[in-house]
Amino acid sequence: MSGRAQLMWDEEVTGYDFGAGHPMDPVRLALTMRLVQAYGLDRAVRVVAAKPAGESTLRLVHGQEYIEAVRRASGAPEAADGSYGLGTIDDPAFAGMHEASALIAGQSVGAAEDVWRGEALHAVNFAGGLHHAMPRGASGFCIYNDAALAVARLLELGAERVAYVDVDVHHGDGVQAAFWDDPRVLTISLHEHPRTLFPQTGWPEEAGGEGAEGSAVNLALPAGTSDSGWLRAFHAVVPELLAAFRPQVLVTQHGADTHVEDPLAHLAVTVDAQRAVAESCHRLAHEHADGRWVALGGGGYAVVDVVPRSWTHLVAIAAGRPVEPTTPVPEEWRQEVYRRTRMDAPRRMTDGREPDWQDFHEAGYDPADRLDQAVLATRRAVFPHHGLLP
């Protein structure tokens, strides 16, 4: 292993643009990269632009007919085929859609290849994490499922156990669907409860297909869950399962839409807790996967206040140069934010919280508490399949 961290970046990923007024504004990607550069983190990692995912790679997850439908919509957006989820309110068709989507997918696949082959120990693609795309359709702002493609490429290269941990506020349904029957892949998703949020899946009883029981793990959190509960839930489920599964590579998805300011969801997490989970994923990769870590972005629609800070922390942690939360945000970046958005940027890399939680094992659990009920439901559904006590 070279031990080097790698950042996947091509400015053209900002061409993944559903148009004015859509929540997934590509400015969030550009502003994240500018903040990474403002801290000099681009000099602490190897910045790599991978080639777009080709058709044979896309077919590791997606059906040929769907890929062809995306290509047609990319050339003629007005004729997009809605039966594939294209041209909808969530996924409006736009010119160049196939090319932009394949480029983002290529960055995640390239990250996975380089980590598996030892070219990098950690690799980050914050433009990725488009976890809702299904094998035969677009969904939830996602055209091609780069996260699933990265995992599928690892399997193709010879990996026998890959763990995927998704902390986006929405259920990682597309990745779960891609590997539902595959015991080589452990998918863990922490998300807002399906009763209150898209895509209305991710119940604890969804635990994997025949022959792969326990390979899908879903922790459905009550709306309003804040830092202490979110961190308590993560640590009550993820570390034990990774220790039992012994992945050769850890792939993580870091959607920033768990944040209290996110306009599309109902959790109450801070940038400080998001940073703490990124640190935990880094540590868990070293403890259980020989340090092999592929980290992706995901959702996040507070595009100035939250996303750039959260993902810059992620890059910094992967680079081995964590940014102290109280660090002032560089003034040149704040000026860039105002120039691009006419919005005031945050002044520090923290929301002013010190992440803290009560350990599920040490503090015990409250059977009347909704968060603890969620944790117990997940542990009961999957832990016995891994030889663990629920």
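R275 is located in helix α8 (residues 271-288), where helices (H or I, at least four residues) and strands (E, at least two) are DSSP runs numbered from the N terminus. The structure is a predicted model, in which local features need pLDDT of at least 70 and side-chain atom pairs count only at pLDDT 80 or more, while totals for chains, interfaces and linings use all residues. Residues are numbered from 1 along each chain as its sequence is written, and side-chain values use heavy atoms, with hydrogens and water left out.

With a relative accessible area of 13%, R275 is buried; this term means under 20% relative accessible area, whereas exposed means over 50% and partly exposed lies in between (1.4 Å probe, protein chains only). Apart from neighbours within four places in sequence, R275 is in contact with H313, I317, P322, V323 and P325, contact being defined as heavy atoms within 4.5 Å. The side chain of R275 also reaches the backbone oxygen of V323 at 3.3 Å.

D351 lies in the loop between α10 (331-341) and α11. Its relative accessibility is 28%, and D351 therefore counts as partly exposed. When residues up to four places away in sequence are not counted, D351 touches H259, T270, V271, D272 and R309. With the side chain of R309, the side chain of D351 makes a polar contact at 2.9 Å. A polar contact is a pair of N or O atoms within 3.5 Å; within protein, one must be able to donate a hydrogen and the other to accept it, and residues adjacent in sequence count only if both atoms are side-chain atoms. The side chain of D351 also reaches the backbone nitrogen of V271, at 2.8 Å.

Helix α11 (residues 370-382) has 13 residues and should span 18 Å at 1.5 Å a residue; its end C-alpha atoms are 19 Å apart, which agrees. The expected span is 1.5 Å times one less than the number of residues. At the start of α11, a side-chain oxygen of D369 comes to within 3.0 Å of the backbone nitrogen of L371. The buried residues of this helix are L371, D372, A374, V375, L376, T378, R379 and V382, and their cover includes β6 (216-221) and α7 (227-245).

Helix α11 also gives the most to the lining of the largest pocket, with 5 residues. That lining has 15 residues, of which H193, R195, A220, R370 and A374 lie nearest the pocket centre. The elements that give two or more residues to it are β6 and α11.

Aromatic rings were also examined. Rings of Phe, Tyr and Trp (its six-membered ring) pair if their centres lie within 6.5 Å; planes under 30 degrees apart count as stacked, over 60 as edge-to-face and the rest as tilted. By this rule, the count is 9 aromatic pairs. The ring centres of F18 and F94 are 5.5 Å apart and their planes stand at 90°, so this pair is edge-to-face. The pair links distant parts of the chain, 76 residues apart: F18 is in the loop between β1 (5-8) and α1 (27-38), and F94 in the loop between α3 (64-75) and α4 (97-117). Both F18 and F94 are buried. Y66 and Y144 form an edge-to-face pair, with 6.1 Å from centre to centre and 85° between the planes. This pair, too, links distant parts of the chain, with Y66 in helix α3 and Y144 in the loop between β3 (122-125) and α5 (146-156), 78 residues apart. Y66 and Y144 are both buried. One aromatic cluster is formed by W9, F126 and W311.

Definitions and conventions: 1 Å grid on protein atoms, 1.4 Å probe; cavity = no way out; pocket = protein on both sides within 12 Å on 5 of 7 lines; lining within 4 Å.
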